[in-house]
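Here is a short walk through one protein model. Please look over the sequence and the structure before reading on.

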Amino acid sequence: MEHAPAARGGLGAVLAAQWAADLGADLGERATLVQFSTAFCQPCRATRRILGEVAGLVPGVRHVEIDAESRLDLVRRFEVRSTPTVLVLDGAGNVVKKASGQPRKADVIAALGAAVDGTSHGSSHPSDKV
């Protein structure tokens with residue numbers, strides 16, 4: 001499922017390359033689920049399992065987990081106030097959804113549908129469901 005950022009072209013390639021540098025991993029070809037977690041966060045474990053399952057079910061989707069305590073730069077940039085917080089990125093690396101708390105699998109799949117289809121209307125309020 002490797003996808004070179006340069007193949008995205010133009011501004012998308014720049015954004016994807018920036019995300020790859022920030023995350024230490026390439027973006028998913030169609031979408032990426034970015035999870036901010038902390039070591040002792042109980043809901044983060046369940047969120048990891050749910051996002052991993054969804055990423056395994058949907059071709060071209062990658063799940064990347066970020067330790068919020070060691071990546072305060074990203075926590076500040078994306079205004080992460082609690083863990084777990086999930087960002088849904090489209091294939092170009094645009095944030096199309098942001099939600100805090102443990103998501104339901106159905107909500108994650110719906111958010112991915114919007115990211116992949118390009119039907120999202122921008123970032124949501126942090127308390128929205130993924």
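A disulfide (a pair of cysteine sulfur atoms within 2.5 Å) joins C41 to C44, with an S to S distance of 2.2 Å. The structure holds 1 disulfide. The angle about the S-S bond is 85°, and the link of C41 and C44 is right-handed. Both C41 and C44 are buried, where buried means under 20% relative accessible area, exposed over 50%, and partly exposed in between, with a 1.4 Å probe and protein chains only.

This is a predicted model, in which local features need pLDDT of at least 70 and side-chain atom pairs count only at pLDDT 80 or more, while totals for chains, interfaces and linings use all residues. Residues are numbered from 1 along each chain as its sequence is written, and side-chain values use heavy atoms, with hydrogens and water left out.

Next comes helix α4. Helices (H or I, at least four residues) and strands (E, at least two) are DSSP runs, numbered from the N terminus. The expected span of a helix is 1.5 Å times one less than its number of residues. Helix α4 has 13 residues (105–117) and so should span 18 Å, which agrees with the 18 Å between its end C-alpha atoms.

Which residues of α4 are buried? They are D107, V108, A111, L112, A114 and A115. These residues lie on the same side of α4 because they cover an arc of only 160° around the axis, the arc being that of the directions from the helix axis to the C-beta atoms. What covers the buried residues of α4 includes β1 (31–37), α2 (42–57), β2 (61–67), β3 (85–90) and β4 (95–100). The face of α4 turned away from its buried side carries the exposed residues A110 and D117. Just after α4, G118 takes a positive phi of about 75°.

Technical notes: Contact = heavy atoms within 4.5 Å.
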